[in-house]
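Please look at the structure, then read on.

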Amino acid sequence: MQFTEYPTQPLMYITNRPEIVFTHGKGSWIYDNEGKRYLDFIQGWAVNSLGHCNEGMIEALEKQARLLINPSPAFYNEPMAKLAELLTQHSVFDKVFFANSGAEANEGAIKLARKWGKKFKHGAYEIITFDHSFHGRTLATMSASGKAGWDTIYAPQVPGFPKADLNDIASVEKLITDKTVAVMLEPIQGEGGVIPATREFMQQLRDLTKRHNVLLIVDEVQSGCGRAGTLFAYELSNIEPDIMTLGKGIGGGVPLAALLSKAEIAVFEAGDQGGTYNGNPLMTAVGYSVISQLLAPGFLEGVRERGEYLKDQLLELSKERGFEGERGEGLLRALLLGKDIGPQIVEKTRLLQPEGVLLNAARPNLLRFMPALNVTREEIDQMMAMLRTVLDSL
Ligand SMILES: *Cc1c(COP(=O)(O)O)cnc(C)c1O
């Protein structure tokens, strides 16, 4: 079908979209309305951890759809309990609250920290966050984010989110007052341009927050669920945060997110937190399939191996073209271009014929790579070859 035959006109404008309509996908490939296929290194924005239309997820979805879709959040259901058990068994956390988006999970983390502050810290409510961070698009999570311009779009902001600089412990210490209840960060800033917090910084943060009786919240919406080569990115620095949020990869593409905490911090009382779809069995059954597949023997090892492989390929390309290297963890990486040619490359790789590549420029001077965690070496090679073709044409 031609693009013009689709009724896209009634869709509210929120961003510039190319004039194609995606119709189906499998693994690392996605197909448009004209049958052209694209090697997908965006994967729904680091969401499809197992690629497009993973068989295990389809099975879980079909099976659960015939059993029970939503008994209401006021009742238990089996998939929600099983997924919570799996997550607590494989993390340092004891309690789980399911949500439908990363922003909602982060709102929950903010509420939980403020509630804890009310109960145990004389009403302390400030949460120190970081410049260039991204925590979501609700009013509170936009206020928590350190994205340029976000302080004014929907002013006034939600108060209580002073900003520090990533990997600068003095900048955090300076902001701690008796009002401080938590420090919240992404172990790897994703939207900010794939900027990892150093292991040393994460450890310093843990020490500092412990000393001041302040909670440490990790937003692992993008870095969690295998993306960094470990089940969760906080493992890389050998620390135990108090609260963690998950989104994106946990659902493998379906709307699912989670708020996790240590038992002693789970201080919500009846009625404090909830949501109509939260913990519904349809999505949590899919999440259970996703996390089980990530935990299969050798899976995360494979992510680390192919992460290293992608890293080597990007470094080689960088050397060859005089770029500024690469950074990241696992299969969340960025190629530093040194000039603002990212958007141009993104467009040209998509328009390549007969097959395109989907890439993202999180910032104009870099390319971000977030392929399916089961991407193959051959697919990485294919992507690199197509990227070279485009670079040759610039
Ligand atoms: C994407 C993202 C969010 C927001 O998740 P949504 O599901 O889009 O609400 C929050 N934090 C981080 C680190 C993210 O990458």
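Helices (H or I, at least four residues) and strands (E, at least two) are DSSP runs, numbered from the N terminus. This is a predicted model, in which local features need pLDDT of at least 70, side-chain atom pairs count only at pLDDT 80 or more, and totals for chains, interfaces and linings use all residues. Residues are numbered from 1 along each chain as its sequence is written, and side-chain values use heavy atoms, with hydrogens and water left out.

Q: Which helix gives the most to the shell around the ligand?
A: The residues around the ligand (a heavy atom within 4 Å) include Ser-101, Gly-102, Ala-103 and Asn-106. With three residues in the shell, the largest contributor is helix 4 (residues 102-120).

Q: Which residue has a side-chain N or O atom 2.8 Å from a nitrogen atom of the ligand?
A: A backbone N or O atom of Gly-102 lies 2.8 Å from a ligand oxygen atom, and a side-chain N or O atom of Gln-222 is 2.8 Å from an oxygen atom of the ligand. For the ligand nitrogen atom, the residue is Asp-219.

Q: Why is one side of strand 1 and of strand 15 left without a neighbour in the sheet?
A: Four strands form an open sheet of mixed pairing, in the order 1-2-3-15; two strands pair if DSSP finds at least two bridges between them. Strand 1 (22-26) and strand 15 (356-358) stand at the edges, so each has a single partner strand.

Q: What is the bridge partner of Ile-30 in strand 3?
A: Strand 2 (residues 29-32) and strand 3 (residues 37-40) run antiparallel and are joined by three bridges. In strand 3, the partner of Ile-30 is Tyr-38.

Key
Polar contact = N/O pair within 3.5 Å; in protein donor to acceptor, adjacent residues only side chain to side chain.
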